[in-house]
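I opened my notebook to go through one protein model.

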Amino acid sequence: MLACPGQDDQRQLRAQSGPLGFLLVFALVIAATTLIVALGAGAIDGTQETLDTERTEKTMTQLDSQAALVALGNSQRQRVDLSTGQDNTYTAEAGAGRMRLSYRNQTNGNETEVFSTEMGRIVYETDDGTTVAYQGGGVWRSDGDGNSVMVSPPEFHYRDATLTLPLVTVGSSGTIGDRAVISDANTTRYFPNPDRNGNYTNPLENARVEVAVTSEYYRAWGRYFETRTDGEVEYDHPNDRVTLALVTPLQNTKVTSATSSLSASGTFNLNGNAGNICSPTKVYINSYNSSGTDDGYCEQTPGKDGDIVYGGDIDLTSGSGSSDIHGDVVSGGTVDVGKANGNGAPFVDGNISYSDRCDDSRNACDNRSSGQVSQISGIDQAPAINGIVRTQVNETRSSNDNADSGVPISGDRLNYSAGTVELRAGSYYLQTVDVASGGRVTLNTTDGDIFLAVEENVDLGENASMEVVGDGTVSVYVEGSGGNSNQLSLGKGASITNDGDDAPQFRLFGQDDFTATIGDGSGGNLAKYVGVIYAPPGASGTGTVTLASGVVYGGVLTGTTTIGSGNGGSIHYDEALRTQQVLEQSESIVRVTYIHASTNEVQIANG
């Protein structure tokens with residue numbers, strides 16, 4: 001049997017439960033209090049660090065404002081309160097970060113460094129590793145793990161194709177207390193400044209401008225560039241660097257004359273007879289209009305807008321008197337028409353304009369022209385597009401549709417033995433385009449445009465052809481790196497054509513040394529080219545286009561054009577080109593025409 005506890009035992013149990021309960025409650029209170037204190041302390045510390053960072057950002061923004069007054073010449077000296085109420089201090093570091101401004105001439109590839117300088121910084125670091133810094137005229141914050149944000153923008157401005165970059169640098173080092181004195185140290189004007197460098201002048205022409213920033217805050221700099229411009233922003237993470245690329249706008253890329261150089265070095269020469277495929281009247285230059293009609297040149301009544309515009313001399317004396325020029329003749333040098341009696345030279349059914357003189361005499365020019373003969377100061381010039389051609393070829397080499405073309409492309413060559421091959425919409429990189437005699441290549445743009453980047457040259461053998469079908473355009477960039485004498489060659493009877501002689505549909509671009517021969521000079525079947533040849537020679541290019549038994553329907557912009565031996569040739573200008581920008585840069589790249597750049601050093605010391 002179990003014994004029941006007596007009254008004394010019950011009293012003893014009750015006496016023990018009171019202290020035990022108290023101890024349990026007390027322990028729970030102590031544990032809860034400890035937890036609350038611990039959590040509260042962490043929250044207080046976090047809040048304190050947040051407040052500390054916020055106060056520092058406001059202080060740095062104030063420093064930014066006052067430093068700008070000094071750096072940009074509005075004040076010789078400024079004082080700023082840097083007190084934060086914490087034990088952390090501000091530090092000036094003259095060697096922190098670097099900015100480099102440069103530009104590359106896209107005509108010859110030469111690069112010019114405008115400046116490369118250390119930016120320096122004023123930095124404050126909190127207990128959790130966060131840094132807040134004044135650098136390059138802006139305020140930045142980093143969490144210490146490579147993540148950074150902009151607090152206040154730097155002195156970097158882009159508007160209306162003008163880059164204004166008055167870089168503010170910190171030239172002092174050391175610890176700074178609660179008060180600082182900001183003083184002007186040195187200002188250097190870099191651009192424009194022809195006294196420093198003869199090339200440091202505005203406006204820029206055909207240049208690629210780059211701003212490179214190396215900094216702990218490079219990611220935030222990059223996002224700022226991405227937000228404030230549409231330029232190309234590239235990150236180099238291993239080196240904490242970001243680069244912004246800006247390009248100057250292309251000049252007017254409309255082809256407004258039958259043949260031109262728009263260069264002081266370009267000339268035009270007649271050294272043979274006119275050659276025509278369908279016209280009953282012999283003519284060297286005239287015009288037609290492919291816009292709004294399916295009729296080609298042969299189905300139209302020819303016009304008189306076949307202008308010849310060259311920066312250099314225009315020599316018509318070796319041409320045939322039985323053939324005419326239906327358009328204006330404009331020279332930045334001398335126009336030579338031969339003797340006053342014509343001497344067998346062609347007649348100009350239009351105006352003659354010259355800069356130097358009109359030979360053999362002014363009277364001879366009056367007799368050989370149906371319009372006005374006048375002296376002019378010169379002609380507008382167009383820059384070479386070497387950099388654009390090289391960039392297009394290089395980028396297409398890296399990324400293209402060769403593997404998906406459905407045609408025999410191997411080893412970056414269009415390979416086929418004979419017959420016909422069709423190339424559809426896409427972007428293709430080819431070392432050469434070599435169409436064998438009698439071969440045929442169809443460029444089908446029904447589903448979209450075709451883009452060809454050619455490393456070396458385009459060569460069509462005798463009676464070979466390339467035909468564009470569909471409503472899209474074909475753009476061909478020829479770098480000409482293979483050492484061939486001609487980067488474009490059309491043999492006897494060869495052709496690049498489309499329905500309706502629509503010149504804007506086929507556009508070929510070359511560098512300033514681009515050379516082309518259309519026809520083989522043997523007479524007989526004329527070679528036919530329908531499209532644009534756009535290869536401006538710039539200031540000193542050596543490009544040439546020779547019509548040796550060949551006919552162009554469209555327009556030619558090159559260095560020197562010669563209508564030469566055999567049946568010679570002719571150029572029929574397509575007036576539809578007047579409204580076409582034949583070369584358009586990517587809209588994703590911001591344009592910059594003017595640079596205003598300087599470095600403005602300030603010293604920051606205890607005050």
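**Entry 1: a charged pair**

I looked up E467 and found it buried, with a relative accessible area of 16%. Buried means under 20% relative accessible area, exposed means over 50%, and partly exposed lies in between (1.4 Å probe, protein chains only). I noted that this is a predicted model: local features need pLDDT of at least 70, side-chain atom pairs count only at pLDDT 80 or more, and totals for chains, interfaces and linings use all residues. Residues are numbered from 1 along each chain as its sequence is written, and side-chain values use heavy atoms, with hydrogens and water left out.

Which residue does E467 meet in a salt bridge? I found R440, at 2.1 Å from N to O. A salt bridge needs a side-chain nitrogen of Lys or Arg within 4 Å of a carboxyl oxygen of Asp or Glu. R440 is partly exposed, at 31% relative accessibility. R440 sits in strand 33 (residues 440–444) and E467 in strand 36 (residues 465–469), so the pair ties together parts 27 residues apart in sequence. Strands are DSSP runs of E, at least two residues, numbered from the N terminus.

I read off 16 salt bridges in the structure. One of them joins E118 and R98, at 3.9 Å from N to O. E118 is in strand 4 (residues 111–118) and R98 is in strand 3 (residues 98–105), 20 residues apart. E118 is partly exposed at 40%, and R98 is partly exposed at 33%.

I also checked E422 and R424. Their closest N and O atoms are 2.9 Å apart. E422 has 30% relative accessibility, and R424 has 40%.

**Entry 2: the surface**

I found a negative patch made by E125, D127, D128, D143 and D145. Patch residues have over 30% relative accessible area and no salt bridge, and like charges are joined within 9 Å. Asp and Glu count as negative. Is D145 buried or exposed? D145 is exposed, at 67% relative accessibility. I located D145 in the loop between strand 7 (138–142) and strand 8 (148–152).

**Entry 3: the inside**

I turned to the largest nonpolar core, which has 84 residues. Such a core is a set of buried Ala, Val, Leu, Ile, Met, Phe, Trp, Tyr and Cys residues joined through side-chain atoms within 4.5 Å. Those with the most contacts inside it include I352, F506 and Y534. Strand 42 (residues 527–534) gives this core its largest share, 6 residues. Apart from this core lies another, of 34 residues, among them F191 and Y217.

Technical notes:
Helices (H or I, at least four residues) and strands (E, at least two) are DSSP runs, numbered from the N terminus. Patches are made of residues with over 30% relative accessible area and no salt bridge: like charges are joined within 9 Å, nonpolar side chains (Val, Leu, Ile, Met, Phe, Trp, Tyr) within 5 Å. Accessible areas come from the Shrake-Rupley method with a 1.4 Å probe; for residues, only the protein chains shown count as cover. The place of a charge is taken as NZ of Lys, CZ of Arg, CG of Asp or CD of Glu.
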